[in-house]
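Work through the exercises below with the model open. Try each task before reading its solution.

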Amino acid sequence: MHSPFCRRRCSYCDFAIAILRSSSDVDRFLDGISLELEHFGDSLRPRTLYVGGGTPSRLAPADLREFFARLDRTIDRRSVLEFTVEANPEDVTPDRAVVLREAGVTRVSLGVQSLDPETLRQLGRRHTPEQVRHAVTLLRDAGIRSINVDLIFAVPGQTPSILDADLTKFIELPTHHVSAYNLTYEDRTPLRSLELLGRLTRQEPDSELVAFRLVHERLAEAGFAAYEISNYAKPGHQSLHNLTYWNNEEYLGVGPSAVSCVGHVRWRNEPDLDVWFSTLRQGLRPVADAESLAPDRFIGESFALALRTSRGVLLSRLERRARMPIDRERLDRIVRLMELRLLEREGPRIRLTPRGRELADCVAAELI
Amino acid sequence: MTSARIRNFCIIAHIDHGKSTLADRFLEITGTVRKEALEAQTLDSMELEKERGITIKAKAVMMKYKADDGQVYTLNLIDTPGHVDFSYEVSKALQACEGALLLVDAAQGIEAQTVANYHLAERAKLRIIPVINKIDLPTARPELIEEEFENILMLERERVLRASAKTGIGVKDILETVVRDVPPPTGDPNAAMRALVFDSVFDDYRGVIVHVRVFDGSFGRGDKIRMKGVGSTHEVLEVGTFVPGSMIPRERLRVGETGYMIANIKTLSDVRIGDTVCLEKEASTVVALPGYKAPQHMVFCGIYPTQNKDFDQLRRALEKLSLNDASFSYTPESSDALGFGFRCGFLGLLHMEIVQERLERESNVDIVQTAPNVTYEVVTTSGDVMRIESPAQLPDASQIEEFREPVTKLDIIAPAEFVGGLLGLAIERRGRFLHQEYISETRVMLSFEMPLAEIIFDFYDKLKSLTRGYGTMDYEVIGFRPAHLVRLRILVSGSEVDALSTIVHRDVAEQRGRKMLVKLREEIPRHMFEVALQAAIGGKIIARESIRAMSKNVTAKCYGGDITRKRKLLEKQKEGKKRMKMVGNVEIPQKAFLSVLGITRDAEK
Ligand SMILES: Nc1nc2c(ncn2[C@@H]2O[C@H](COP(=O)(O)OP(=O)(O)O)[C@@H](O)[C@H]2O)c(=O)[nH]1
Ligand code: SF4
Ligand SMILES: [Mg+2]
């Protein structure tokens with residue numbers, strides 16, 4: 001589920017978001033969600049639910065409660081094993097914590113990014129480290145089972161020692177999951193503009209590597225195992241929802257710009273809140289673009305995704321799902337990548353070596 | 001008209017010393033062309049020639065001159081190419097004359113090319129008339145130039161004329177001297193016809209127009225002629241003489257005369273400069289005129305289209321160019337690195353530049369030109385002599401008995417203060433000092449023997465910068481000499497890159513190899529693994545570099561299942577790789593080859 005509202009755009013963000021201006025925006029969003037869910041009948045039985053954005057936590061407690069209520073009209077919640085909601089630390093109030101708990105949310109993902117004030121400023125985030133600690137305490141007290149914190153590294157000016165200190169603070173937080181991302185410079189973001197203006201310099205690949213390794217080491221020491229290139233979890237806290245994406249399995253998305261993938265067809269919703277809503281009002285599906293995944297493309301994509309996980313790819317399973325054997329050329333490339341010690345065999349599975357993880361995109365480009 | 005009142009002569013001069021301007025004055029004085037109609041420098045018709053100030057193709061014009069003795073003379077002025085790359089063509093043009101004006105700029109003095117062309121004229125036994133031009137210049141120093149004539153060419157001071165082609169001073173004197181001193185053509189009007197082919201041009205409408213000088217007998221329309229060297233037979237459609245801008249048909253060309261012949265010849269390759277034209281019926285008995293040689297290509301380079309799809313267009317452009325210039329050759333070749341292109345042979349470095357420039361100007365193809373190489377000779381262990389025009393033709397080292405390279409006699413004229421630096425440069429370039437001569441108090445002529453390969457490798461630029469632009473040079477290939485040459489191999493991750501191998505002297509192999517590796521290191525992107533770059537001679541590694549493995553290439557997750565966008569990025573990354581050349585495990589971008597092999601040239605530029 002995609003809730004598009006944000007207070008303002010963070011410097012690195014290129015998501016389709018809407019700045020929340022009036023309550024009528026919220027009404028349209030809620031009505032739109034209802035309309036969209038109606039398309040799918042009244043008995044969806046997902047294994048996981050994920051409310052992201054945007055910032056779902058921007059919704060007022062009452063609106064949030066209303067949002068969850070509308071989901072319940074269509075979704076059979078008995079099948080749900082994991083229910084995640086994204087939140088910004090500054091939005092986590094006692095009221096909202098209660099709403100989350102009452103809705104049966106099992107997991108909250110906090111957009112922390114850093115606990116260093118200067119780094120937060122660089123990223124255009126508005127919260128303080130104190131707000132983060134407070135949010136974590138509130139969520140734990142509300143009985144949320146699993147808490148994720150997002151972390152961004154290789155920010156301009158972030159030396160290894162600044163990052164190291166930041167990691168120490170992350171590890172001290174009583175959380176269960178860390179998503180750690182290398183900062184990216186997307187087109188049409190404030191960050192990219194500043195770079196183009198020469199007002200900031202991105203880190204060299206060599207220092208990005210140092211940061212990547214530091215994050216990996218420190219989190220591993222603290223008991224967070226990397227089950228995916230950017231995702232670290234304490235035992236029993238891997239995100240089932242995200243594993244769905246990496247395993248290229250089926251999912252339904254609702255809300256502006258949400259992506260769905262069902263039966264080798266993938267589509268993406270209209271990103272603009274108004275277009276999305278008016279399309280739904282006309283009784284139409286708000287699809288902006290769709291593509292059908294031919295077996296070869298499906299295989300390529302599956303490699304790119306599943307190799308990111310620590311379990312890797314089970315070739316026989318992939319062939320079964322693609323209904324096609326893996327071609328000679330890809331197999332040759334796999335052998336070559338194994339010779340280069342970027343891929344390795346683990347039982348019947350193929351997975352990235354530690355060095356392969358650092359070059360995962362190159363490996364993916366070979367097999368896509 | 002008898003041949004006693006014909007004078008065939010040419011002007012030899014260094015570039016810019018005033019040859020074209022003087023020719024214009026002659027045309028004006030003789031009334032061949034009215035002053036107003038006299039487009040500046042009439043003899044240089046090609047656009048390119050005008051721009052570069054170089055006369056590429058020899059031309060001939062006929063002028064009628066009423067001399068002080070009251071007689072009307074026919075003066076044939078034959079224009080010669082100004083550069084020794086064309087020395088064979090120059091020598092043939094000279095062979096068509098009995099006299100030569102040796103023109104020297106009063107401010108610049110004698111230059112290296114002047115000396116070279118003087119020696120050619122002397123060898124052709126021409127009557128030489130030394131002329132100091134541009135005496136109107138405030139910087140003119142004719143006494144000094146006379147001294148140079150005396151010292152370096154052993155011409156008596158008293159014979160040196162002074163003139164200004166610009167103002168006309170002294171120009172009539174020159175013509176009078178030509179009439180008086182240049183001998184009329186000899187030859188037997190009744191003997192079997194013999195004419196020398198000294199040039200040819202291609203005309204879109206009329207086919208090949210052959211420039212000839214008749215040495216014996218006469219011929220005209222309807223005659224069946226034979227090219228003695230090439231062996232082809234043609235029927236003469238028209239003969240005539242040139243005036244600037246047009247051709248005047250005549251019944252016949254007679255002994256001693258210079259003119260043109262049109263004989264329905266389709267391509268320039270059917271005509272060889274230096275060949276002898278005779279009548280078909282007398283062909284078996286006529287003795288050919290001396291000195292006929294096929295053009296010798298001393299410099300080669302690869303010319304490739306930057307886009308593979310432009311190959312055919314490039315071929316058409318080369319075909320067209322060769323219609324106008326029979327002295328360059330092109331044969332298709334393919335390179336692992338650059339795809340399909342042509343290996344082109346040239347008379348020399350300047351010739352190569354001229355052809356490239358025309359190619360860019362007259363075709364619309366972006367081309368890549370590889371660094372030039374010279375022609376080598378290899379004597380194999382079985383005793384055969386092979387000509388090597390490309391490193392790829394080189395046999396295995398074990399089959400090479402002797403490796404030879406073309407060696408030149410190089411003359412440099414420069415102010416004396418630069419002698420030390422020039423000697424240093426020459427030694428660096430494997431030059432062997434021959435002698436040094438003061439041509440005046442301040443200027444020196446240095447002579448060396450130097451491998452041609454060293455000259456084509458930016459020698460001229462070095463000479464110019466070393467002498468602050470005052471030095472001039474000229475060279476002539478004098479033969480092939482054994483040398484310690486090796487094939488320098490470039491290996492990337494242990495695999496040889498054929499397209500990058502070169503032939504170099506053993507002494508500079510390390511230095512050359514290292515330079516190439518450094519360039520490669522800059523142009524090959526970092527890989528998932530460390531890439532080793534090596535330069536080797538046979539199995540021996542003489543230089544190495546390495547490209548560090550890429551440090552990190554992994555981005556954030558694909559948010560919210562938006563995998564399509566991520567996949568497209570990866571697919572783009574993969575596409576980019578397809579355009580690269582795989583050598584073993586390593587992807588080498590085309591740009592890397594270009595930066596190592598030579599230079600890109602843009603058709604639009
Ligand atoms: N002052 C002066 N300039 C001259 C004279 N003759 C030629 N020039 C100039 O010298 C330059 C080169 O002359 P050009 O005839 O093109 O030389 P070419 O390269 O030998 O054909 C031109 O700018 C001419 O105008 C002369 O007698 N006096
Ligand atoms: S809160 Fe999240 S979605 Fe909103 S602007 Fe920031 S990064 Fe983008
Ligand atoms: Mg000229």
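**Exercise 1.** Determine how the shell around ligand 1 divides by residue class.

*Solution.* The model is predicted. Start with the total: 17 residues surround ligand 1. Now sort them. The shell has 8 polar, 5 charged and 4 nonpolar residues. Next, pick out the closest: Gly18(B), Lys19(B), Ser20(B), Thr21(B) and Lys166(B). Finally, ask which element gives the largest share. Helix α1 of chain B, residues 19-29, supplies 3 residues of the shell.

**Exercise 2.** Describe the contact between chain B and chain A.

*Solution.* Count each side. Chain B brings 21 residues, in contact with 35 residues of chain A. Then classify the chain B side: 8 nonpolar, 7 polar and 6 charged residues.

**Exercise 3.** Trace the strand order of the 8-stranded sheet in chain A, and explain why one side of each edge strand lacks a neighbour.

*Solution.* Read across the open sheet in chain A: β1-β4-β5-β6-β7-β8-β10-β9. The pairing is mixed. Go to the edges, β1 (2-3) and β9 (225-228) of chain A. Each has a single partner strand, so one side is left without a neighbour in the sheet. Now check one pair. Strands β8 (residues 177-182) and β10 (residues 231-233) of chain A run antiparallel, joined by 3 bridges. Ser179(A) stands opposite Asn231(A) in β10(A).

Terms used:
Residues numbered from 1 in each chain as written. Chains lettered and ligands numbered in written order. Predicted model: local features only at pLDDT ≥ 70, side-chain atom pairs only at ≥ 80, totals over all residues. Near = placed C-beta within 6 Å. Helix = DSSP H or I, 4+ residues; strand = E, 2+ residues; numbered from the N terminus. Nonpolar A, V, L, I, M, F, W, Y, C, P; charged D, E, K, R; others polar. Contact = placed C-beta atoms within 7 Å. Pairing = 2+ DSSP bridges.
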